[in-house]
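User: Hi! Could you walk me through this model with me?
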Amino acid sequence: RRERFTPGQRQTLNPSEATAAAQEVTLPQTCNDARCASNPAAAAKLVGLAVVIAVIFASSATASGKGGSTCTAKTRPSEGSKMSSHDSHENHGHGHDHHHGHHGHHGHGHSHGDGPASFNAEEFPHGPNAPFLRGAEAADELEAMFGGGTGRFENPELRDIAAHRGEVVEELQRQGLGPGSHLLDLGAGTGLFLEPLAKIVGSTGQVFAAEISEGFCALLERRRAADETLAAASQVVHIPEDAITLPDDSVEFVLICDVYHHLTFPTKTLKECLRVLKPKGKLILIDFHRDDACIHTKPAGWVEKHVRADQDAFRAEVTDAGFALLSEPDLGMKENYVMIFEAIDN
C-alpha cells in the first residue's frame with residue numbers, strides 16, 4: 001500500500017486502485033508491440049511507470065481538493081521519542097470547547113510573546129470567555145447550558161471529547177496516571193473529567209480542577225460536596241487568566257482539553273504549567289482540528305473563526321515554552337487531536 005499525504009489529510013491508494021488508475025494513463029510509445037512482446041522486462045518497466053504516474057496523478061487531485069478528506073493527524077514521533085522546540089518547527093481539552101481568554105485572528109503565529117493572543121473579533125465581540133465568566137449565582141444556569149450530561153460540554157452527541165472521555169482517561173493512565181498522582185485539569189468547566197480522574201488518583205493523590213469562572217468553580221464545588229470520593233481526591237482552584245495559583249512542582253500531569261485555544265495568555269500560562277509541573281512532568285493538550293472537514297458538530301466555517309491557529313502553530317507554541325513532544329496518539333476522535341509533551345526546561 002502506498003500512502004499519500006496532503007495538509008491535514010492522510011489517504012491510501014491500494015494496489016487495485018493504482019492498477020485501475022494506471023489503465024487510464026496514456027504511456028509514451030517507447031516500443032512497438034513486437035518489441036514489447038519479445039522483451040518482457042521493457043513491458044514490466046512500462047507497467048511500473050504507469051503505476052507511478054497514477055499515484056502522482058491521484059495525489060495531485062487530492063491536493064487540489066478533489067480527493068477525499070480525513071482528519072488523521074500528520075505523522076509525528078512514535079511513543080517514547082522526543083522532539084525539542086527546534087526539531088518540531090517543520091511548518092513554521094476537558095470537558096469544554098472554549099475557555100480561558102484570547103482576542104481575535106486565526107493564522108499560524110505564536111508571536112504574541114507574553115502578551116494576549118489574538119482572536120476573531122466577529123466570533124468573540126466581548127472576548128472568548130464572556131459566556132463563562134459568571135458569578136457563583138449563575139451555577140445552575142451554567143450547568144443547564146453546559147453540564148448535566150446533556151449540555152454542550154457533556155453531551156456525547158455534541159462533543160467528540162464527551163463521546164471519547166473513556167479513551168482520554170485511558171491514555172492518561174498509559175502515560176502513568178495512577179493512585180497517588182497529582183493532576184491539574186486546566187479549565188475544568190463543568191467537571192467532565194473530575195469523577196473518573198479522582199477515582200484513579202484516590203485519596204493519596206489529587207486532581208486540581210482549575211477555573212477562571214466563579215460560576216464553574218461553584219458548580220465544581222457542588223459536585224465535590226455530593227461525593228466523598230471527589231471530596232477526598234480533588235480541589236477546586238479559582239485562577240486568574242495569566243497565572244496558576246499552585247506551588248512549584250505540584251503535579252505530574254497537566255490536562256488542557258478543548259481549552260488551549262481560549263487561553264488569553266498562552267505563553268504565560270505555559271510557563272506557569274512548567275512551574276507547577278514536577279521535572280519530566282507531562283502536559284496533555286487536546287484541541288480542535290482547524291479544518292471544516294473534521295468538524296461535524298458545528299456549522300461550516302465555525303472552527304476557522306473560533307480556533308485562532310492550527311495544530312502546527314499550537315505545537316510550536318508549546319515546544320517554544322520548554323516542552324518536548326512525546327507523541328500524538330489517535331484516540332478515535334474526528335474533531336480533536338491529542339498531543340503529549342514532557343517538561344524539559346523546569
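User: How many disulfides does the structure hold?
Analyst: The count is 0 disulfides, where a disulfide is a pair of cysteine sulfur atoms within 2.5 Å. Keep in mind that this is a predicted model: local features need pLDDT of at least 70, side-chain atom pairs count only at pLDDT 80 or more, and totals for chains, interfaces and linings use all residues. Residues are numbered from 1 along each chain as its sequence is written, and side-chain values use heavy atoms, leaving out hydrogens and water.
User: Okay, is Cys217 buried or exposed? And Cys273?
Analyst: Cys217 is buried at 8% relative accessible area, and Cys273 is buried at 0%. Buried means under 20% relative accessible area, exposed over 50%, partly exposed in between (1.4 Å probe, protein chains only).
User: Switching to helices, at what angle do H6 and H7 pack?
Analyst: About 30 degrees, with the axes of H6 (residues 165-174) and H7 (residues 194-201) 10 Å apart. Axes are lines fitted to C-alpha atoms, for helices over the stretch in contact, and angles run from 0 to 180 degrees between N-to-C directions. Helices are DSSP runs (H or I, at least four residues), numbered from the N terminus.
User: Which residues meet there?
Analyst: Arg165, Val169, Leu172 and Gln173 of H6 meet Pro196, Leu197 and Ile200 of H7, with contact meaning heavy atoms within 4.5 Å.
User: How many residues of H7 are buried?
Analyst: H7 is mostly covered, with 6 of its 8 residues buried; Leu194 and Val201 are among them. Just after H7, Gly202 has a positive phi of about 70 degrees.

Technical notes
Helix = DSSP H or I, 4+ residues; strand = E, 2+ residues; numbered from the N terminus.
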